[in-house]
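Hi,

Here is the structure I said I'd pass on to you.

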Amino acid sequence: MSVQLYLASRSPRRAAFLAALGLRHALIDGDVPEVPRPGQSPEDYALETAIAKARAGAANATLDLPVLAADTDVAIDGAILGKPRDADDAVAMLLKLANRAHQVVSAVAVIHGARLETVVATTEVVFGDIDPDDARRYADSGEPLDKAGAYGIQGYAARWVRAVHGSYTNIVGLPLYETAELLARFGIHASRLTSPA
């Protein structure tokens, strides 16, 4: 079967989600610098980054197909928490999130020729208490080091989650409802649903 779209992402989780929807995609390089501007809101930053990734992917495309890109960020008190620099930074981020609510913001952009459409989704996540020694063990495992906010909800960090208000898949990195709606506008429809790996 022929490919329906490009995915400008290195995230195996996003690729697994698209595959679970039965969407046939090819990976394409969409790497761009990811540095928020001072005072930039999490929503504006995620949207700007997703659009930049989609445009970078489109510039590398060899087939006339839509390019999908996404950016997911964790924010608390309006401040964006990116990927931790190292294990110490991961521990500091986790302890900052402990016993608090924070937001996970994802922007999805699809570009095809001159057409660009986007969507932004926000989910509130409430963490319970995090023991500093437990946070250190988690950081030393390496799992949180490539994830915004220093945690992956689909992994060990799920034990700290007291509540989720909004899309779970958004926290993992791709809000599926919003993404499927966005792709449908381009004539690309989910054909099945299986459990992502």
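Predicted model: local features only at pLDDT ≥ 70, side-chain atom pairs only at ≥ 80, totals over all residues.

Let's start with helix 1, which covers residues 12-20. Its buried residues are R14, A15, A16, F17, L18 and A20. What lies over them? The cover includes three strands, namely strand 1 (5-7), strand 2 (25-27) and strand 3 (67-76). Helix 2 (42-60), helix 5 (168-172) and helix 6 (176-184) are also part of that cover. Both ends of helix 1 have something to look at. At its start, S11 has a side-chain oxygen within 3.2 Å of the backbone nitrogen of R13. After the helix comes G22, with a positive phi near 75°.

Now the inside. In soluble globular proteins, nonpolar side chains tend to be buried together. The largest nonpolar core here has 43 residues, and the ones touching the most other members are L68, L94, Y151 and L174. Helix 3 (residues 87-97) gives this core its largest share, 6 residues. There is also a second, separate core of 14 residues, with I28, A50, V67 and V105 among them.

The model has 4 aromatic pairs. In the pair of Y138 and Y156, the ring centres are 5.9 Å apart and the planes meet at 35°; that angle is between 30 and 60 degrees, so the pair counts as tilted. Y138 sits in helix 4 (residues 132-141), while Y156 is in the loop between helix 4 and strand 7 (161-165), 18 residues apart. Y138 also pairs with W160, this time edge-to-face, with 5.4 Å between centres and 85° between planes. W160 is in that loop between helix 4 and strand 7 as well, so this pair ties together parts 22 residues apart in sequence.

Y156 is partly exposed, at 38%. Together, Y138, Y156 and W160 make one aromatic cluster.

One last thing to find: the charged end of R115 sits over the ring of F186, 4.0 Å from its centre.

Cheers

How values were computed: Residues numbered from 1 in each chain as written. Heavy atoms only, no water. Buried < 20%, exposed > 50% of the residue type's maximum accessible area, 1.4 Å probe, protein only. Helix = DSSP H or I, 4+ residues; strand = E, 2+ residues; numbered from the N terminus. Contact = heavy atoms within 4.5 Å. Polar contact = N/O pair within 3.5 Å; in protein donor to acceptor, adjacent residues only side chain to side chain. Core = buried A, V, L, I, M, F, W, Y, C linked by side-chain atoms within 4.5 Å. Phe/Tyr/Trp six-rings, centres within 6.5 Å; stacked < 30°, edge-to-face > 60°. Lys NZ or Arg CZ within 6 Å of the ring centre and 35° of its normal.
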